[in-house]
Amino acid sequence: MQYKIIKDTNPRLRKKSEEVSLPLSKEDEDTLNFMLDYLIKSQDDKYATKHNVTPGVGLAAPQLGILKRMFAVYFTDENGNQHTHQLVNPKIVEQSVKEAAMKDGEGCLSVDKPHPGLVHRKYQIKLEAYDQYEKANITIDVSGYAAIVYQHEYDHLDGILFYDRIDKNNPDKKKDNEIII
């Protein structure tokens with residue numbers, strides 16, 4: 001199958017994704033493998049420059065036009081922990097009251113135009129999912145930058161883009177007790 005990252009002008013990105021049947025089909029495994037491989041290669045400067053690829057830390061199936069509840073992440077958080085996951089049917093089961101936002105905003109492989117402003121998210125989340133990378137059901141408990149990455153990808157599964165969470169009237173307004181990362 002030929003995969004292509006779709007842009008935010010495509011109405012498929014605004015649709016809610018469907019649960020995925022387990023065990024995974026060969027097609028779903030291939031999709032998850034493509035997503036993780038893309039992220040790994042995109043972070044290699046030589047590869048990204050040669051192939052004109054935008055570096056990414058997460059990629060969700062809806063960004064490929066596939067409306068299934070799956071996403072991959074590949075990044076190192078601020079504590080030096082490596083996050084390599086291919087998540088299927090993730091569910092956020094706990095979240096903090098405290099919020100967080102990235103001081104320079106967020107970006108997205110499906111969004112070319114800049115959308116400055118604070119993207120308000122939960123500071124800490126607990127997520128449960130089947131992880132194709134580990135071939136097991138897992139629980140991920142993260143905070144700070146990592147929590148933001150997982151929530152960004154999770155939003156794609158519900159047709160939500162990061163700029164939907166920016167206050168249109170006051171994009172740089174920090175919430176009370178919000179942590180700016």
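What covers the buried residues of helix 1? I looked at this before anything else. The cover includes helix 2 (45–51), strand 1 (58–60), strand 2 (70–76) and strand 3 (82–95).

**Ground rules**

I noted that this is a predicted model, where local features need pLDDT of at least 70 and side-chain atom pairs count only at pLDDT 80 or more, while totals for chains, interfaces and linings use all residues. Residues are numbered from 1 along each chain as its sequence is written, and side-chain values use heavy atoms, with hydrogens and water left out.

**Entry: helix 1**

I took helices (H or I, at least four residues) and strands (E, at least two) as DSSP runs, numbered from the N terminus. Contact here means heavy atoms within 4.5 Å. I checked the span of helix 1, residues 26–42. The expected span of a helix is 1.5 Å times one less than its number of residues. For the 17 residues of helix 1 that gives 24 Å, and the end C-alpha atoms are 24 Å apart, so the two agree.

Next I listed its buried residues. Buried means under 20% relative accessible area, exposed means over 50%, and partly exposed lies in between (1.4 Å probe, protein chains only). In helix 1 the buried ones are Asp28, Thr31, Leu32, Met35, Leu36, Tyr38, Leu39 and Ser42. They cover an arc of only 155° around the axis, so they lie on the same side of helix 1. The arc is that of the directions from the helix axis to the C-beta atoms.

**Entry: before helix 1**

I found a cis peptide bond between leucine 22 and proline 23, with omega about 0°. Proline 23 lies in the segment before helix 1. Most peptide bonds are trans.

Leucine 13 is in the segment before helix 1 too. Is leucine 13 buried or exposed? Its relative accessibility is 0%, so leucine 13 counts as buried. I left aside neighbours within four places in sequence and looked up its contacts; among them are Ile6, Pro62, His156, Gly159 and Leu161.

**Entry: helix 3**

Helix 3 (residues 144–157) has 14 residues. From first C-alpha to last it reaches 21 Å, close to the 20 Å expected. I found 13 of its 14 residues buried. Not counting residues up to four places away in sequence, glycine 144 touches Glu78, Tyr123 and Ile181. Glycine 159 follows helix 3, and its phi is positive, near 75°.

**Entry: strands**

Two strands pair if DSSP finds at least two bridges between them. Strand 6 (residues 124–131) and strand 7 (residues 136–143) pair in the antiparallel sense over eight bridges. Strands 6 and 7 form a hairpin with four residues between them.

I also found an open sheet of three strands, in the order 5-4-8, with mixed pairing. Its edge strands are strand 5 (121–122) and strand 8 (179–180), each pairing on one side only. Strand 4 (residues 99–101) runs parallel to strand 8, joined by two bridges. Alanine 101 has isoleucine 180 of strand 8 as its bridge partner.

**Entry: positive phi**

Most residues other than glycine have a negative phi. I noted lysine 135, which is not a glycine but has a positive phi of about 55°. Lysine 135 is in the loop between strand 6 and strand 7. Its relative accessible area is 56%, so lysine 135 is exposed. Asparagine 177 also has a positive phi, near 65°. Asparagine 177 sits in the loop between helix 3 and strand 8. At 68% relative accessibility, asparagine 177 counts as exposed.

**Entry: rings**

Rings of Phe, Tyr and Trp (its six-membered ring) pair if their centres lie within 6.5 Å; planes under 30 degrees apart count as stacked, over 60 as edge-to-face and the rest as tilted. By this rule I have six aromatic pairs. The rings of phenylalanine 162 and tyrosine 163 have centres 5.5 Å apart and planes at 75°, so this pair is edge-to-face. Both phenylalanine 162 and tyrosine 163 are buried. Phe71, Phe75, Tyr145 and Tyr150 form one aromatic cluster.

Which charges sit over rings? A charge counts if NZ of Lys or CZ of Arg is within 6 Å of the ring centre and within 35 degrees of the ring normal. Arginine 69 lies over the face of tyrosine 154, 5.7 Å from the ring centre. Lysine 98 has its charged end over the ring of tyrosine 123, 5.6 Å from the centre.
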